[in-house]
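I opened this notebook to keep track of what I looked up, one entry at a time. The entries start with how the chains meet and then go through each chain.

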Amino acid sequence: MLETRGLTAFYGDFQALYGIDAALAQGETVAIIGANGAGKSTFLKAVTGLLPSPPGAVRLDGAPIGGLAPARITRLGISLVPEGRRLFPSLSVEENLLIGGYGRAPGGYWNLERVYALFPALAERRRAPGPSLSGGQQQMAAIGRALMANPRILLCDEISLGLAPIVIRDIYNAVPAIKAQGTSILLVEQDIVQAMAVADRVYCFQEGRVSLAGRPSELTREQIHAAYFGA
Amino acid sequence: MTAWLDALLQGIMLGGLYALFAAGLSLIFGIMRLVNLAHGDLIVLAAFVVLVVTTALGLDPFLAALLAAPLLFAFGYALQFILLNRTLGRDILPPLLVTFGLSIIVQNGLLEAFSADSRRLRAGSIETESLSLGGGLAVGVMPLLTLASAVLAILALNFLFYRTSLGRAFRATSDDPETAQLMGIDNKRIFALAMGVAMTVVAVAALYLGMRANFDPTIGPARLIYAFEAVIIGGLGSLWGTLAGGIIIGLAQTIGARIDPEWQILAGHVAFLIVLVLRPRGLFPRAVD
Amino acid sequence: MEASYRVSIGGRYTRHLALAGALVVALLVALPAFAARSLIEDLIFVFYMLALAQYWNLLAGYAGLISVGQQAFVGLGGYLLFALAIMAGLDPLVAIVLAGVIAGLLALPTAFVVFRLRGAYFAIGTWVVAEVYRLVLAQWKQLGGGTGTSLPPEITNTVSGIEGVKALFDVRTSAARDMILYWAALALAAGTVAAVYLILRSRHGLALAAIRDSEPAAASAGVDNFRTKLSVYVATAAGTGMVGALIYLQKARISPDSAFAVLDWTAYVILIVVIGGIGTIEGPIIGVLVFYLLQSYLASFGTWYLILLGALAIVIMLFAPKGIWGYVSERFGLVLFPIRRRLVRPGDAP
């Protein structure tokens, strides 16, 4: 459904990705792990159009989406939960959720009630300003906001970052409900355990390249260690 | 005593006019951090558009402004989309210079088209009517209408901002343009819409400007300065603050004029400088910046 | 014992360029001996616009302080000249320098107010301050109030050096005065270029470049952002004040509207810098020459000329933001006033 071939990315003169070949099938959950600076977030930014990519390197259902504006890509059904959550400080929790639905076509499973059902903590603080929430609640809000667009593909950038393990567990408990709607998920994670627990397949990035790919059950600790840190 | 109360009233009414000038500027800066140096000249341009509509169609200024408003909305949308969107970014020099150039073009274009003669929008008898408040005090109907319009405009803008989906999009884009794109918001269109809305407010401001006193192509820059002072005094991001700012400038000018007519404008500037020194962020700054 | 690294500023042709520059200046000094009066007057205009442009460029292109209120100091300089010459009886050339000093002093309270603002709001703030100066000086009845006043002949005819020049070149008083003013303007322009160049070569210049790129980074490197910006603002004000004094000594007539005109002393100046190339020393030189040509041939078109200038500003800002010199310098790698620092390792070519 979503695939990249030979995807490169640059920050100015600095090359962050050196030709990534990856794919995400319908209904799949794929995790991308790797050390800091490996290029994981860069990959997501390139897919969503926040960074330029070579023509034809990123394809959705076979059609190239590389040159499209991020707003357009969102409307095609790809939603990103950005690194650092990035809730809108001037908007309340509820307004943050509502704005997530700005570009959506009518219909679709996720709406305000269902997001509140998924994350009850948000319902209690619906009128509060975004920044007043705890880290975990902000993450829930960011995910809820992305869901409101009823995406076909949900991209998650380091949703466990800076959160306590128990909070991370709570958040990952929501993943099955998201999967149940048939949404494909691509998550970038530093928390390898959680990532491998929910993913159907895993890629490991190392310094801008794919160093390992496979199913979690088939990969050994040694393999992952080597791919993560480099030989 | 009555003279001073009268000055107070006049000042508040004048403040309404300045708030109208400033509201558009405040909106644009709030959403896209753009300071439009041509803002005053655009108000004057709008006044001329209203004038042309009144003379061509024989309408009274209020109706003419109603007709002109959609035209000015479209003009603002186009201006932003085609020209000003290209100037947005981290560097402040491009928007400054481009709007500066725009200001010169508008002023001189108007001079070419309309000459330097003074013009006026004639509204008939309503111009001189007044309401008596007792105790020898009276307020002109026109100034009162101006203040009322300013309040209405701000109410309408706040409604737009805080209770509509579009307003949410404005606020989100203002907070974080990159993440706003991830919501499916097209920044270019949002900014163009915002400028269109601002030009509609400018149309209202132009209506009252033209009815209140004579206008000619060169008075733009002074209006920009009053608008800017009102926005700064009020505090960035607060429309009611802008109203307060406008009223403070209006009061300062009117009271200054009572002391010595030559001091009118200077008094406004001095009030601005005092507020700037004592409260650099303005009187009602938004908590988030 | 390790050989040491050193930081070098000069380029390959620095000596040659310096020599060429000195020749140009020498030629300009000698010019009045054989040039027509109209050329001398035109060059006075070119010199003072160049000086104003260099100062604005230093402020905006290097310190990142974009001001649309420098006309405040032009006007102040002009009025101070009139006051010092008429009321204090000072020799006008001395008054020019003193006017600059006083303008610089007045820049301190001005900065106290305008530095509270940032970015585009700082810009408009400087404009407001200029308006305040204009309105206040318009109250000064002794210098003509709102309508202004002229310099009496006793003053314009007794500028120091007039008698000497008259004898040397056998010209009338008015021509002699023009020559003196020409040399004063040349001194100001050349002096400004030299001063700006020296500042940028010094560690202050490095500090400025750092501030322009990133204030937090500069501060963390130990640069006192506020002091540096304030110094540049005051120095620019003093320089602009001197130029203003010279301008109005030449015009011999002043009024608040003329002295504080946004168009003449800010709009044209900014246009010159932007056309030539902001953030470079060479830029304003090119810009002023282009502007001079535009002014000479097109000014008669009145409002259409101004519309053209406005459109030019927009087009340049959108399509060629680095100006003529920016483009040329990138394309051909030319530098006339080297200020980039290079690290020279032992054994490298100098």
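Predicted model: local features only at pLDDT ≥ 70, side-chain atom pairs only at ≥ 80, totals over all residues.

**Entry: chains B and C**

I looked up the contacts between chains B and C and found 30 residues of chain B in contact with 29 residues of chain C. On chain B, helix H4 (93–114), helix H9 (220–234) and helix H11 (264–278) each supply at least two residues of the side that touches chain C. I then checked which share is the largest, and it is that of H4(B), with 14 residues. Sorted by class, this side of chain B has 22 nonpolar, four polar and four charged residues.

**Entry: chains A and B**

**Entry: chains A and C**

Which two of the chains have no contact? I found no contact joining chain A and chain C, and their closest C-alpha atoms lie 16 Å apart. Of the two pairs of chains that touch, chains B and C have the most contacts.

**Entry: the sheet of chain A**

I traced an open sheet of four strands in chain A, in the order S2-S1-S4-S5, with antiparallel pairing. Its edge strands are S2 (14–24) and S5 (63–64), each of which pairs on one side only. I followed strand S4 (residues 58–60) of chain A to S5(A): two bridges join them, and they run antiparallel. One bridge partner I wrote down is A:Pro64 in S5(A), for A:Arg59. Helix H1 (residues 40–48) of chain A lies across strand S1 (2–11), S2 and S4 of chain A, and runs at about 70° to S2(A).

**Entry: two positive phi values in chain A**

Most residues other than glycine have a negative phi. A:Asp61 is in the loop between S4 and S5 of chain A. A:Arg85 also went on the list, with a positive phi near 70°. I placed A:Arg85 in the loop between strand S6 (78–81) and helix H3 (93–100) of chain A.

Are these residues buried or exposed? A residue is buried if 20 or more other C-beta atoms lie within 10 Å of its own, and exposed if 12 or fewer do. A:Asp61 has 12 such atoms within 10 Å, so A:Asp61 is exposed. A:Arg85 has 25 other C-beta atoms within 10 Å and is therefore buried.

**Entry: helix H9 of chain B**

I went back to H9(B), one of the helices on the side that touches chain C. H9(B) has 15 residues and reaches 21 Å from its first C-alpha to its last, close to the 21 Å expected at 1.5 Å a residue. I counted 13 of the 15 residues of H9(B) as buried, so this helix is largely enclosed by the rest of the structure. B:Gly235 follows H9(B) and has a positive phi, near 105°.

**Entry: a hairpin in chain B**

Strand S1 (residues 130–134) of chain B is hardly covered: among its five residues, the count of buried ones is zero. S1(B) pairs with strand S2 (residues 137–140) of chain B in the antiparallel sense, over four bridges. I found B:Leu131 opposite B:Val139 in S2(B). The hairpin of S1(B) and S2(B) has two residues between the strands, and B:Gly135 takes a positive phi near 65° there.

**Entry: helices of chain C**

From H7(C), C:Ile162, C:Val165 and C:Lys166 meet residues of H8(C), including C:Thr173 and C:Arg177. By class, this contact of H7(C) with H8(C) has five nonpolar, one polar and two charged residues.

Last, I checked helix H2 (residues 37–62) of chain C. H2(C) has 26 residues and reaches 36 Å from its first C-alpha to its last, close to the 38 Å expected at 1.5 Å a residue. Just after H2(C), C:Gly64 takes a positive phi of about 70°.

Key. Residues numbered from 1 in each chain as written. Chains lettered and ligands numbered in written order. Pairing = 2+ DSSP bridges. Contact = placed C-beta atoms within 7 Å. Axes fitted to C-alpha atoms, helices over the stretch in contact; angles between N-to-C directions. Nonpolar A, V, L, I, M, F, W, Y, C, P; charged D, E, K, R; others polar. Expected span 1.5 Å × (residues − 1).
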